[in-house]
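Subject: A structure to look at

Hi,

Here is the structure I promised to pass on to you. Please open it and keep it beside you while you read the notes below.

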Amino acid sequence: MAAVFTDLHTESGLKSLEGYLSGKTYISGDVVSKDDVKVFGAVPTKPGSEFPNASRWYESISAALASRFPGKAVGVKFGAAGAAAEPAKEAADDDDDLDLFGDETEEDKKAAAEREAAKASSSKKKESGKSSVLMDIKPWDDETDMKKLEESVRAVQMEGLLWGASKLVPVGYGIKKLQIMMTIVDDLVSVDTLIEERLTVEPCSEYVQSCDIVAFNKI
């Protein structure tokens, strides 16, 4: 037989709840159920010490709900007793379609996994492409110190730039050019900017006369 409670926002209503809970832990059965949630929703505040059974039950259900819905409470205020009763009843009716303590189904688990996967995919930073570049770097004349030229070039450091192997290649009249490999992250390094703003300005410009891209290949 279903338990019937009325006016739980009043002293008389709480007295009926107090008497019903005598010798009981929950409204129905030995575990928290939707019946407890419905009744809890109709009780606007924790019953006072004059209702020990109802007060103990209220604290138990409050703790169960708090563990189910973690997060910091910011405070809730209730209006007059008459005004509080109607929303409480409405909330209790809504609980018919909400099983807070039901077992998670396979469909629920699958949906949760798909949401997590989609979230991880959208938040994962897209990996940028890389390129391998072969560059010719020419000195001003045959008296340019090529060792210092290469040192000044390799001293240029940028995020996404990695200098590789190099060699000196004769170009005529005793002049040699530096041929050097580098690997770049496309989104971080512009070769044109590297040449115009780093390799052909001071201090590199003391040794570097010009730069030419010999080969540019995506990795």
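This is a predicted model: local features need pLDDT of at least 70, side-chain atom pairs count only at pLDDT 80 or more; totals for chains, interfaces and linings use all residues.

Residues are numbered from 1 along each chain as its sequence is written, and side-chain values use heavy atoms, with hydrogens and water left out.

Around Gly13

Gly13 belongs to helix H1, residues 11-20 (helices, H or I with at least four residues, and strands, E with at least two, are DSSP runs numbered from the N terminus). Neighbours within four places in sequence aside, Gly13 is in contact with Thr6, Asp7 and Leu8, where contact means heavy atoms within 4.5 Å. Asp7 sits in the segment before H1. Its phi is near 50°, a positive value in a residue other than glycine. At 45% relative accessibility, Asp7 counts as partly exposed.

The sheet

Four strands form an open sheet in the order S2-S3-S1-S4, with antiparallel pairing (two strands pair if DSSP finds at least two bridges between them). Strand S2 (161-172) and strand S4 (208-218) are the edge strands, each pairing on one side only. On average, neighbouring strands of this sheet are turned by 20° against each other, direction ignored. Axes here are lines fitted to C-alpha atoms, for helices over the stretch in contact, and angles run from 0 to 180 degrees between N-to-C directions.

Inside the sheet, S1 (residues 130-139) and S3 (residues 175-185) run antiparallel and are joined by eight bridges. Ile137 stands opposite Leu178 in S3. Helix H6 (residues 146-154) packs on the sheet and touches S1, S2, S3 and S4, with its direction at about 15° to that of S3.

The loop between S2 and S3 holds Tyr173. Phi of Tyr173 is near 55°, again a positive value in a residue other than glycine. At 82% relative accessibility, Tyr173 counts as exposed.

Helix H7

Helix H7 (residues 191-199) lies across S1, S2, S3 and S4, running at about 160° to S4. Which residues of H7 are buried? They are Val191, Leu194, Ile195 and Leu199. Seen down the axis of H7, these buried residues fall within an arc of 95°, so they line one face of the helix; the arc is that of the directions from the helix axis to the C-beta atoms. The buried residues of H7 pack against S1, H6, S2, S3 and S4, while Glu196 and Glu197, on the other side of H7, are exposed.

In the loop between H7 and S4 you will find Pro203. A cis peptide bond joins Glu202 to Pro203, with omega about 5°.

Two packed helices

Helix H2 (residues 34-42) and helix H3 (residues 52-68) pack at an angle of about 110°, their axes 10 Å apart. Asp36, Val39 and Phe40 in H2 meet Trp57, Tyr58, Ile61, Ser62 and Leu65 in H3.

Enjoy exploring!

Best wishes

Definitions and conventions: Buried means under 20% relative accessible area, exposed over 50%, partly exposed in between (1.4 Å probe, protein chains only).
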